[in-house]
Amino acid sequence: MKDREAVRRNLNTVFMLLALIGVVIYFAFPAHHIIGLAVIGIAMIIKIAEFFIRFMF
């Protein structure tokens, strides 16, 4: 049980960091919008994985 909580906590941390990095890239480097969106997309995939761990297991 505690292992699952630790994994969820770590996934949430990674999600928040990637989302922040993606937003910074998106707004700070207008020529690199696609890279910013890709980083945000990866963050969303990680958040979806955390969601499934929370409700499925």
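In which helix is the place of G22? G22 is placed in helix α1, where helices are DSSP runs of H or I with at least four residues, numbered from the N terminus. The views below show a predicted model, in which local features need pLDDT of at least 70 and side-chain atom pairs count only at pLDDT 80 or more, while totals for chains, interfaces and linings use all residues. Residues are numbered from 1 along each chain as its sequence is written, and side-chain values use heavy atoms, with hydrogens and water left out.

View 1. Helix α1 comprises residues 2-28, 27 residues in total. From its first C-alpha to its last, α1 reaches 39 Å, close to the 39 Å expected at 1.5 Å a residue; the expected span is 1.5 Å times one less than the number of residues. The buried residues of α1 are R8, N12, A19, G22 and I25. Buried denotes under 20% relative accessible area, exposed over 50%, and partly exposed the range in between (1.4 Å probe, protein chains only). These buried residues pack against α2 (33-56).

**View 2. The surroundings of G22.** G22 counts as buried because its relative accessibility is 0%. When residues up to four places away in sequence are not counted, G22 touches G36, V39 and I40, a contact being heavy atoms within 4.5 Å. The C-alpha atoms of G22 and H33 are separated by 9.1 Å, the two residues being eleven apart along the chain.

View 3. N12 lies in helix α1. Its side chain is joined to that of K47 by a polar contact of 2.7 Å. Such a contact is a pair of N or O atoms within 3.5 Å; within protein, one must be able to donate a hydrogen and the other to accept it, and residues adjacent in sequence count only if both atoms are side-chain atoms. Leaving aside neighbours within four places in sequence, N12 is in contact with K47 and E50.

**View 4. Salt bridges within the helices.** The structure holds four salt bridges, each defined as a side-chain nitrogen of Lys or Arg within 4 Å of a carboxyl oxygen of Asp or Glu. In helix α1, R8 and E5 lie three residues apart, about one turn of the helix, and their side chains meet in a salt bridge of 3.2 Å, N to O. R8 is buried, with a relative accessible area of 17%, whereas E5 is partly exposed at 33%. In helix α2, K47 and E50 are separated by about one helical turn because they are three residues apart; the closest N and O atoms of their salt bridge are 3.2 Å apart. K47 is partly exposed at 26% relative accessibility, and E50 is buried at 0%. E50 also forms a salt bridge with R54, with the closest N and O atoms 3.1 Å apart. Salt bridges that share partners join E5, R8, K47, E50 and R54 into one network.

**View 5. A nonpolar surface patch.** I48, F51, F52, F55, M56 and F57 form a nonpolar patch on the surface, with about 700 Å² of accessible area together. Patch residues have over 30% relative accessible area and no salt bridge; like charges are joined within 9 Å, and nonpolar side chains (Val, Leu, Ile, Met, Phe, Trp, Tyr) within 5 Å. Areas come from the Shrake-Rupley method with a 1.4 Å probe, only the protein chains shown counting as cover for residues. M56 has its place in helix α2 and is exposed, with a relative accessible area of 59%.

Definitions and conventions
Helix = DSSP H or I, 4+ residues; strand = E, 2+ residues; numbered from the N terminus.
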